[in-house]
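Dear colleague,

Please find below the structure that I am handing over to you, followed by an account of what was found in it. I would be grateful if you read the account with the structure open.

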Amino acid sequence: EVKRPVPPDIRARKGGTPLVVLTAYTTPVARLVDPHCDIVLVGDSLGMVVHGLPSTLGVTMEMMILHGQAVARGTAKSMLVIDMPFGSYEEGPEQAFRNAARLMVETGAAAVKLEGGVHMEETIAFLTARGIPVMAHIGLTPQAVNTLGGYRVQGRGEDAARIRRDAEAVARAGAFSVVLEKVPDALAREITNAIDIPTIGIGASVDCDGQVLVVDDMLGLFTSFRPKFVKRYAELGEEADRAIAAYAAEVRARTFPAPEHVFGEKVPGK
Ligand code: KIV
Ligand code: NA
């Protein structure tokens, strides 16, 4: 049996073979991604991807815990990280600790992820000092969509200094890794070279220390919108549409179920 990586193992992968990270929200999908990943992330993207919410703002602790438990049942070799939902950590370190501990205890996740840089430095240090490993998330932070004014690239031009400061702050605070979302390629590379914790890119740079994608995006299952950084490795949505149309046609034509799908009387002694 392979030993699951723990946060210090992930941190030690800085500059090494890139870290492979995907999201999962259910047990069957966790079973599919687990053999191939270093980290499986229960992302709050589940609000949009699984629950049809317009943003991640409506995601609750209860939703994260329920999906976290489902994903935990499907992982064996990868490390489980769970997102802290909007409103569960921003008030201050003590609120963050209370909710992070609950997420970890009730799901078995090895670490939490939270959004924010400089303004989360104190909280990340507080959690880390008390036994809660933190993956940070800077650049485009979707929970801040209303203050950012949309899902635009962050850190272009003059704004690069802000993202640089965020990266330095979360590394200083003790985060074991940091997600860089939707920042220019060159900035992501520069930050990766400047800080001593692994950077995990999404719409960032091939030179990050790892990459993450939303699994439904890369499988072509979530098609409501498609950011430029999503590569479709499959078109399961189209495949599913074909299968469901075939089922509907066969039901209407009374060709499903066929003889091999129905039961006769039980033959005694057989
Ligand atoms: O919620 C999520 O899926 C995420 C990843 C895209 C990093 O935060
Ligand atoms: Na997230």
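Arg254 is exposed, because 7 other C-beta atoms lie within 10 Å. Please bear in mind throughout that this is a predicted model. Arg254 lies in the segment after helix H11, and its phi is near 55°, a positive value in a residue other than glycine. The segment after H11 (236-252) also holds Pro257, and a cis peptide bond with omega of about 0° joins Phe256 and Pro257.

Lys182 likewise has a positive phi, of about 50°, although it is not a glycine. Lys182 sits in the loop between strand E6 and helix H9 (185-194). Is Lys182 buried or exposed? Lys182 is buried, because 21 other C-beta atoms are found within 10 Å.

**Overall form**

The protein chain has 11 helices and eight strands. Its C-alpha atoms fill a box of roughly 75 × 40 × 35 Å along the principal axes. Of its 270 residues, 44% count as buried. Among contacts with a separation of 6 or more, 60% come from residues 24 or more positions apart.

Arg226 is placed in the loop between helix H10 (215-218) and H11. Arg226 counts as exposed because it has 11 C-beta neighbours inside 10 Å. Between Arg226 and Leu103 there are 30 Å in space, C-alpha to C-alpha, and the two are 123 residues apart in sequence.

**The annotated active site**

In the UniProt record, an unreviewed entry, the annotation "active site" covers Glu181. Glu181 is found in strand E6, which runs over residues 177-181. Glu181 counts as buried because it has 24 C-beta neighbours inside 10 Å. Leaving out residues up to four places away in sequence, Glu181 touches His137, Gly139, Leu140, Ile202, Gly203 and Ala204.

For "binding site", the unreviewed UniProt entry lists Asp44, Ser45, Asp83 and Lys113. Although these residues are spread over 70 residues of sequence, they cluster in space, with a largest C-alpha distance of 12.4 Å.

Ser45 occupies the loop between strand E2 (39-42) and helix H3 (46-49). Ser45 is buried, because 21 other C-beta atoms lie within 10 Å. Apart from residues up to four places away in sequence, Ser45 touches Thr23, Thr56 and Val214.

Asp83 belongs to strand E3, residues 79-83. Asp83 is buried, because 28 other C-beta atoms lie within 10 Å. Leaving aside neighbours within four places in sequence, Asp83 is in contact with Val42, Gly43, Asp44, Met64 and Lys113. Two of these contacts, Asp44 and Lys113, are also listed in the record under "binding site".

Which residues are around ligand 1? They are Thr23, Leu41, Gly43, Asp44, Ser45, Asp83, His137, Val179, Ile202, Val212 and Val214. By class, this shell has five nonpolar, four polar and two charged residues. His137 and Ile202, which are around ligand 1, are also touched by Glu181.

In soluble globular proteins, nonpolar side chains tend to be buried together. Here the largest nonpolar core has 71 residues, of which Val81, Val112, Val134, Val170, Ala175 and Val178 touch the most other members. Helix H8 (residues 160-173) gives the most to this core, with six residues.

H8 has 14 residues and reaches 20 Å from its first C-alpha to its last, close to the 20 Å expected at 1.5 Å a residue. Its buried residues are Ile163, Asp166, Ala167, Ala169, Val170, Ala171 and Ala173. An α-helix has 3.6 residues a turn, so residues three or four places apart point the same way. The buried residues of H8 are covered by elements including helix H6 (121-129), strand E5 (134-139), E6 and H9.

After H8 comes Gly174, whose phi is positive, near 105°. Ala175 touches Ile124, Val134, Met135, Ala136, Val170 and Ile197, not counting residues up to four places away in sequence. Val134 and Val170, in this list, are also named among the core residues that touch the most other members.

Yours sincerely

Note on methods. Residues numbered from 1 in each chain as written. Chains lettered and ligands numbered in written order. Predicted model: local features only at pLDDT ≥ 70, side-chain atom pairs only at ≥ 80, totals over all residues. Helix = DSSP H or I, 4+ residues; strand = E, 2+ residues; numbered from the N terminus. Buried ≥ 20, exposed ≤ 12 C-beta atoms within 10 Å, placed from the backbone. Contact = placed C-beta atoms within 7 Å. UniProt positions renumbered as here; feature names shortened; annotations may be inferred. Core = buried A, V, L, I, M, F, W, Y, C linked by C-beta atoms within 7 Å. Expected span 1.5 Å × (residues − 1). Near = placed C-beta within 6 Å. Nonpolar A, V, L, I, M, F, W, Y, C, P; charged D, E, K, R; others polar.
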